[in-house]
Amino acid sequence: MIEPATYLVFGATGQTGRHFVARALAEGNRVRALVRDPGKLSISHPNLEVQQGAVPGFAGLDDLFDGVDFVVSMLGDAQAQKNDKVNTAFVGELVPAMRRQGVRRFLYQAGGLSTAPGRRQPLALRAIRTTLARDFNGQHEDNEAVMEYLSREANDIEWMVHRAGIGSDGPSKGVLGRSARKISIATFGDCADYNYRLLSDPSAVHTCDFSSYSAG
């Protein structure tokens, strides 16, 4: 029998985050979530602990790690990220706190239009980023800075990045798998399910891959 784990979740009130929290709890795990507005998290469960606060700059960050096995960030604020690399600042606080508290496994969800270090973005995605998604460029640049920081300064941490092709809510479209080249437009629930499974995949450590639905 697999022992239950404790997940520290940032971005729990987001569209993917709510699904992730529900999935982790349904599997018998414990979840601790830091949220700006607890009223936005409609889930109630005896294994869910909700604390109010905002990042970066949360004064009690170290205290959140008590008993934690996995850390998950699904944060995204396109408006704030237009002018400031808020996620980069947060991850720059998070990783040292993980070191201090002896927590090693970390998943960061980025958008699929964000380019991983040392890679070239496929031409089709570059075209979308410079046209339809140009208003979100600050968000992509913030994600890219996070990936650069992790790959350059945090390889003692078991980090992994999911460059997700998120579309909308709705019924599951299948099971997502990790892919270096292929990306699928997925539902929030499918992305959350993928994030949950990825955290337990040692082969995903230090990767910044897409996710795609299997052909079969």
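1. In this predicted model, Arg197 touches Val175 and Leu176, residues up to four places away in sequence not being counted. The side chain of Arg197 reaches the backbone oxygen of Leu176 at 2.8 Å. Arg197 has its place in helix 6 and is partly exposed, its relative accessible area being 32%. That value falls between the limits of under 20% for buried and over 50% for exposed. As a reference distance, Arg197 and Arg100 are 97 residues apart in sequence, and their C-alpha atoms are 26 Å apart in space.

2. The helix that carries Arg197 deserves a separate remark. Helix 6 spans residues 188-198 and is mostly covered, with eight of its eleven residues buried. The buried residues of helix 6 are Phe188, Asp190, Cys191, Ala192, Tyr194, Asn195, Tyr196 and Leu198.

3. Ser179 belongs to strand 8, which covers residues 176-179. Ser179 is buried, because its relative accessible area of 15% lies under the 20% limit. A polar atom of the Ser179 side chain lies 2.9 Å from the backbone nitrogen of Lys182. When neighbours within four places in sequence are left aside, Ser179 is in contact with Asp209, Phe210 and Ser212.

4. The phi angle of His206 is near 65°, a positive value in a residue other than glycine. His206 is placed in the loop between helix 6 and strand 10, the latter comprising residues 208-213. With a relative accessible area of 34%, His206 is partly exposed.

5. The peptide bond from Val55 to Pro56 is cis, with omega near -5°. Pro56 is found in the loop between strand 3, residues 48-52, and strand 4.

6. The pairing of strand 4 can be followed on both partners. Strand 1 (residues 6-10) and strand 4 run parallel and are joined by four bridges, and Phe10 stands opposite Ser73 in strand 4. Strand 4, residues 70-73, also pairs with strand 5 in the parallel sense, over four bridges. In that pairing Phe70 stands opposite Arg105, and Val72 stands opposite Leu107. Phe70 and Val72 point one way from strand 4, while Val71 and Ser73 point the other way; all are buried.

7. Strand 5 continues the arrangement. Strand 5 and strand 6, residues 158-164, pair in the parallel sense over seven bridges. Arg105, which stands opposite Phe70, also stands opposite Glu158 in strand 6. Six of the seven residues of strand 5 (residues 105-111) are buried, so strand 5 is largely enclosed by the rest of the structure.

8. The largest pocket has a volume of about 1,200 Å³. Of the 45 residues that line the largest pocket, Met74, Leu75, Gly76, Asp77 and Gln139 are the closest to its centre. The elements that give two or more residues to this lining are helix 1 (15-26), strand 2 (30-35), helix 2 (78-81), helix 3 (86-101), strand 5, helix 4 (123-130) and helix 5 (137-153). Helix 1 gives the most, with four residues. By residue class, the lining of the largest pocket divides into 24 nonpolar, 16 polar and five charged residues.

9. Lys85 and Gln139 are 54 residues apart in sequence and 7.9 Å apart in space, C-alpha to C-alpha. Lys85 has its place in the loop between helix 2 and helix 3. Residues up to four places away in sequence not being counted, Lys85 touches Glu141, Asp142 and Ala145. Lys85 is partly exposed, with a relative accessible area of 44%.

Notes
Residues are numbered from 1 along each chain as its sequence is written. This is a predicted model: local features need pLDDT of at least 70, side-chain atom pairs count only at pLDDT 80 or more; totals for chains, interfaces and linings use all residues. Side-chain values use heavy atoms; hydrogens and water are left out. Buried means under 20% relative accessible area, exposed over 50%, partly exposed in between (1.4 Å probe, protein chains only). Two strands pair if DSSP finds at least two bridges between them. A polar contact is a pair of N or O atoms within 3.5 Å; within protein, one must be able to donate a hydrogen and the other to accept it, and residues adjacent in sequence count only if both atoms are side-chain atoms. Contact means heavy atoms within 4.5 Å. On a 1 Å grid over the protein atoms alone, a cavity is a set of points where a 1.4 Å probe fits but cannot get out, and a pocket is an open set with protein on both sides within 12 Å along at least five of seven lines; lining residues have an atom within 4 Å of a point. Grid points are joined across faces, edges and corners, and a volume is the space filled by probe spheres set on the points. Ala, Val, Leu, Ile, Met, Phe, Trp, Tyr, Cys and Pro count as nonpolar, Asp, Glu, Lys and Arg as charged, and the others, Gly among them, as polar.
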